[in-house]
Amino acid sequence: MTFTQRIAALHLDLPLLLVICIACLFGLGVLYSASGQSVSVVGHQSARLGLGLVAMVFVAQIPPRWLRIIAPWGLLGGVALILAVVWLGEASMGARRWLDLGVFRFQPSEIVKLMVPLALASFLHTRVLPPRWLDIVLCVFVIGVPAAVVAIEPDLGSAVLIVASGACVLFFAGIRWRLIMTVVGLVAAAAPIIWFFFLHGYQQERILTFLNPSSEPLDAGYHILQSKIAIGSGGLFGQGWLDGSQARLSFLPEAQTDFIFAVYAEETGFFGVAGLLLIYACIVGRGLVIALGNPETFERLAAASISVVFFLYAFINIAMVSGILPVVGVPLPLISYGGTSLVALLTSFGVLMSIQTHRELLSQ
């Protein structure tokens with residue numbers, strides 16, 4: 001049996017697997033530099049990466065029709081875990097986002113980010129498309145409840161991504177542009193209410209800092225100003241691996257997690273950033289090819305939304321680190337230090353591989 005046949009027998013999509021492995025190895029190298037050459041940090045992340053790859057291979061074995069049945073129950077379980085976080089979760093930096101199980105801790109919101117698009121795709125699989133008004137209202141309810149609970153933690157970044165993942169499913173299901181623009185207009189009109197009654201003080205401060213980061217250069221604006229300095233000092237070719245002065249001299253906060261892109265840009269420059277964006281584009285492109293090549297509603301909607309949400313992960317992180325968007329605490333996918341988001345992302349790639357490989361199996 002050839003290598004390609006062995007990969008196919010494991011229900012793994014070889015093009016997607018290759019580019020994911022490249023991205024993950026890339027991430028470990030960047031993390032080694034961002035952590036001050038800490039072998040311990042890279043070792044922990046490698047263990048999480050191994051767990052995520054096992055989850056990806058496991059999910060890839062599950063036929064899509066089973067995923068369609070499991071998804072709504074998975075969403076209910078995820079929402080229950082988030083409610084448990086609100087009441088029993090471990091508090092850190094003013095928020096309750098983690099469940100501590102003794103051996104390890106994890107963020108249930110990452111499970112919900114994956115389950116919301118799958119549950120919506122499962123629901124719409126049995127409906128006429130484009131969805132009718134009643135179906136849209138039910139979908140908004142499915143999106144809104146977990147997003148609202150996550151926002152209470154508070155975790156605005158995860159809540160935004162949950163809404164975005166659900167909106168992607170509705171978009172690919174064919175809802176009309178007139179409805180989309182109406183919703184955008186309503187959200188814009190409700191902005192003052194959201195600002196005064198729903199946003200926490202630190203969230204308002206992040207938005208004000210985004211509009212004018214120089215107003216408090218040693219306080220609220222410190223993160224983004226140091227990040228911009230790091231990105232700008234990278235130039236065309238960067239300062240070289242392990243030679244980024246902003247991270248090495250501890251000027252850049254959160255260098256291992258949310259702001260790791262600034263470390264990478266400083267050390268590799270424009271051409272290094274272009275290489276990373278190319279890797280991300282290959283992952284998103286392969287996911288969209290899998291979606292477009294599948295005639296079944298659940299498979300098409302799930303694959304398309306997973307691909308677009310991955311793009312949003314990367315876009316939001318790079319945009320906030322570059323000062324284009326407010327800081328909302330979204331990690332750089334497959335690169336930032338962190339366990340739950342990495343495992344959840346790799347699990348979502350397992351769904352993509354299941355959709356692709358089981359379709360190929362049926363077509364033979």
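**Helix packing exercises**

Helix 4 and helix 5 cross with a left-handed sense (the near helix is turned anticlockwise from the far one by less than a right angle; clockwise would be right-handed). Quick ground rules: this is a predicted model, where local features need pLDDT of at least 70, side-chain atom pairs count only at pLDDT 80 or more, and totals for chains, interfaces and linings use all residues. Residues are numbered from 1 along each chain as its sequence is written, and side-chain values use heavy atoms, with hydrogens and water left out.

**Exercise 1.** Work out at what angle helix 4 and helix 5 pack, and what classes of residue make the contact.

*Step 1.* Take helix 4 (residues 64-88) and helix 5 (residues 108-125): the angle is about 145°, and the axes lie 7 Å apart.

*Step 2.* Look for contacts (heavy atoms within 4.5 Å).

*Step 3.* Sort by class: 14 nonpolar, 5 polar and 1 charged residues.

**Exercise 2.** Find how helix 11 is oriented relative to helix 13.

*Step 1.* Helix 11 (residues 222-233) packs on helix 13 (residues 260-292) at about 25°, with axes 6 Å apart.

*Step 2.* That makes the two roughly parallel (angles under 35 degrees).

*Step 3.* On the helix 11 side you'll find Ser 227, Ala 230, Ile 231 and Ser 233; helix 13 answers with Phe 261, Ala 262, Ala 265 and Glu 266.

**Exercise 3.** Decide how enclosed helix 14 is.

*Step 1.* Helix 14 spans residues 297-321.

Conventions: Axes fitted to C-alpha atoms, helices over the stretch in contact; angles between N-to-C directions. Helix = DSSP H or I, 4+ residues; strand = E, 2+ residues; numbered from the N terminus. Parallel < 35°, antiparallel > 145°, perpendicular 65-115°, else oblique. Expected span 1.5 Å × (residues − 1). Buried < 20%, exposed > 50% of the residue type's maximum accessible area, 1.4 Å probe, protein only. Nonpolar A, V, L, I, M, F, W, Y, C, P; charged D, E, K, R; others polar.
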